Amino acid sequence: MPELQPLLRCNGLDVAIGDIIVTRGLEFAIENGQCWCVLGRNGIGKTTLLQTLAGLRAASSGSISINAMPINTLSRRELAQKLGIVFQSHEDNFPATVLETVLQGRHPHLRSWQWESAEDHRIATRAMAQLGLSGYETRNIQTLSGGERQLVSIATLLAQETQLLLLDEPTNHLDLHHRHRVMDMLVTHCKNTNRAALLVLHDINLAARFADHVLLLLGEGESRPGKKEKILDTALLERLYRHPFTRLETARGPVWLPQ
């Protein structure tokens, strides 16, 4: 049998923005069913790395492949059928309903000038239900709170039905209950549907609780990818954030409290 290829693979990836070196020679692979979290200080380049992995900006050197296909050989439509991304902020300059917005996730699967089908509507409403947005279909997105708007963005990503989900601070604007609910839903979704997710987070303990793999961006191009049990080390986290931590053991696993 042929060897199964990872969903996403980076080989010798150098990423930089201005004078900031984000990664140097980064090597890691994301498999189906996995949930990865990226941790790093403010301004270290987490969003830049995510945009590079999504094919939205070019790496300085190295390669990125999706299902063993070089990312730079794929058209924008082909890439949008394989991966989707949720950004940190949203600009809603024109009024639209929540359902119309979530249906945008179906556009990579439509032909030119093709209208959304009943099946597209079913997929969109199912994604909304996963985020607790049933009943919001006719709401104007310009009237939503920041947290509600974030849930709409994640629902749009789910409606896109890609194998790889990239999310930049997906718990932004969400209260504690919704942060945990969304993280649990994303992990369960990936495992149950054989998809994978890569999330940029600021919360070490969310990463420790929900991710199975972690990528640390330590600065000056140094990075540490791997299973969370090996990467979430107190000394390494103190070096990452330049702050002392106390590790506590709980029934749900370790947590780190800043001293």
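## The sheet

Two strands count as paired if DSSP finds at least two bridges between them. On that basis, this predicted model holds an open sheet of six strands. The strand order is β6-β7-β8-β3-β9-β10, and the pairing is mixed. β6 (83–86) and β10 (222–227) are the edge strands, each pairing on one side only. On average, neighbouring strands of this sheet are turned by 15° against each other, direction ignored.

## The β9-β10 pair

Strand β9 covers residues 213–219. It runs antiparallel to β10, and six bridges join the two. One of the partners can be named: H213 bridges to K227 in β10.

## Helices on the sheet

Helix α6 (residues 176–193) packs on the sheet. It touches β3 (35–40), β7 (164–168) and β8 (196–200). The direction of α6 makes about 150° with that of β8.

Helix α9 (residues 234–241) also packs on the sheet. Its contacts are with β3, β9 and β10. The direction of α9 makes about 45° with that of β9.

## The α5-α6 contact

Two packed helices are described by the angle between their axes and the distance between the axes. Helix α5 (residues 146–160) packs with α6 at an angle of about 5°. Their axes lie 12 Å apart. Angles under 35 degrees count as roughly parallel, so α5 and α6 are roughly parallel to each other.

From α5, the contact involves L151, I154 and L158. These meet H178, V182, M185, L186 and H189 in α6. The contact residues divide into six nonpolar, two polar and no charged.

Technical notes: Residues numbered from 1 in each chain as written. Predicted model: local features only at pLDDT ≥ 70, side-chain atom pairs only at ≥ 80, totals over all residues. Heavy atoms only, no water. Helix = DSSP H or I, 4+ residues; strand = E, 2+ residues; numbered from the N terminus. Axes fitted to C-alpha atoms, helices over the stretch in contact; angles between N-to-C directions. Contact = heavy atoms within 4.5 Å. Parallel < 35°, antiparallel > 145°, perpendicular 65-115°, else oblique. Nonpolar A, V, L, I, M, F, W, Y, C, P; charged D, E, K, R; others polar.
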